[in-house]
Amino acid sequence: MSSRWLPSGIAQIRRYWDGDIGGVVFDQASGDTHFLDALAFELLELADSQPLEVEPLSRLLFDDAPSLQDGEAEFRVHSALRHLQALGLLHEQLS
C-alpha cells in the first residue's frame, strides 16, 4: 500500500470486527500492534484513498447521525486523527 498519509511499513496487516468493536493494526516498522475503535480504524482505511480533512470526513462518516450536536462529529474525527498520529500510524500533515 502506498499513501501520502501512512508512513511506509505502517498498518500493513489489519483485522476488523463487524459492528462497533474496531480492529487491530500491526505496525511493521515498530513491531507494535494497536487496537483501534471503529472510527479510528475507518479513518486509517480512508487514509489510503483520500485527503484527511476533518470537515469532509465528518460529513462522510456521520451524515446519517443527525442526533450529534453541532461540532461533535468534527471533534470526534479530529480526536481520532490526533490519536492515530500519536501512535505513529499517520503522518503529521493533516488538514
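## A walk through the fold

Of the 95 residues in this protein chain, 38% count as buried. Keep in mind as you look around that this is a predicted model. The chain exposes about 5600 Å², and carbon and sulfur atoms supply 49% of that area.

Let's start with the overall layout. The protein chain has three helices and three strands, and from the N terminus on they come in the order β-β-β-α-α-α. As for how the chain meets itself, take the contacts with a separation of 6 or more: 41% of them are between residues 24 or more positions apart.

Now find the strands. Strand β2 (residues 22–27) and strand β3 (residues 32–36) run antiparallel, with five bridges joining them. Together β2 and β3 make a hairpin with four residues between them. In that turn sits Gly31, which has a positive phi of about 85°.

Next, move along to helix α1, which covers residues 38–46. Seven of its nine residues are buried, so the helix is largely enclosed by the rest of the structure. The buried ones are Ala38, Leu39, Ala40, Phe41, Leu43, Leu44 and Leu46.

That brings us to the largest nonpolar core, a set of 21 residues. Which of them touch the most other members? They are Leu36, Leu43, Val77, Leu81 and Leu84. The elements giving two or more residues to this core are α1, α2 and α3 (72–86). Helix α1 gives the most, with six residues.

Leaving aside neighbours within four places in sequence, Val77 is in contact with Leu39, Leu43, Val54, Leu57, Ser58, Leu61 and Phe62. Two of those names, Leu39 and Leu43, are among the buried residues of α1.

Ser58 is also on the list of contacts of Val77, and this serine deserves a visit of its own. You'll find Ser58 in helix α2 (residues 54–62). Is Ser58 buried or exposed? With a relative accessible area of 3%, Ser58 is buried, because the cut-off for that label is under 20%. So what does its side chain reach? The side chain of Ser58 reaches the backbone oxygen of Val54 at 2.7 Å. Not counting residues up to four places away in sequence, Ser58 touches Asp63, Ala73, Glu74 and Val77.

Definitions and conventions: Residues numbered from 1 in each chain as written. Predicted model: local features only at pLDDT ≥ 70, side-chain atom pairs only at ≥ 80, totals over all residues. Heavy atoms only, no water. Buried < 20%, exposed > 50% of the residue type's maximum accessible area, 1.4 Å probe, protein only. Polar contact = N/O pair within 3.5 Å; in protein donor to acceptor, adjacent residues only side chain to side chain. Contact = heavy atoms within 4.5 Å. Pairing = 2+ DSSP bridges. Areas by Shrake-Rupley, 256 points an atom, 1.4 Å probe, with all protein chains shown as cover. Core = buried A, V, L, I, M, F, W, Y, C linked by side-chain atoms within 4.5 Å.
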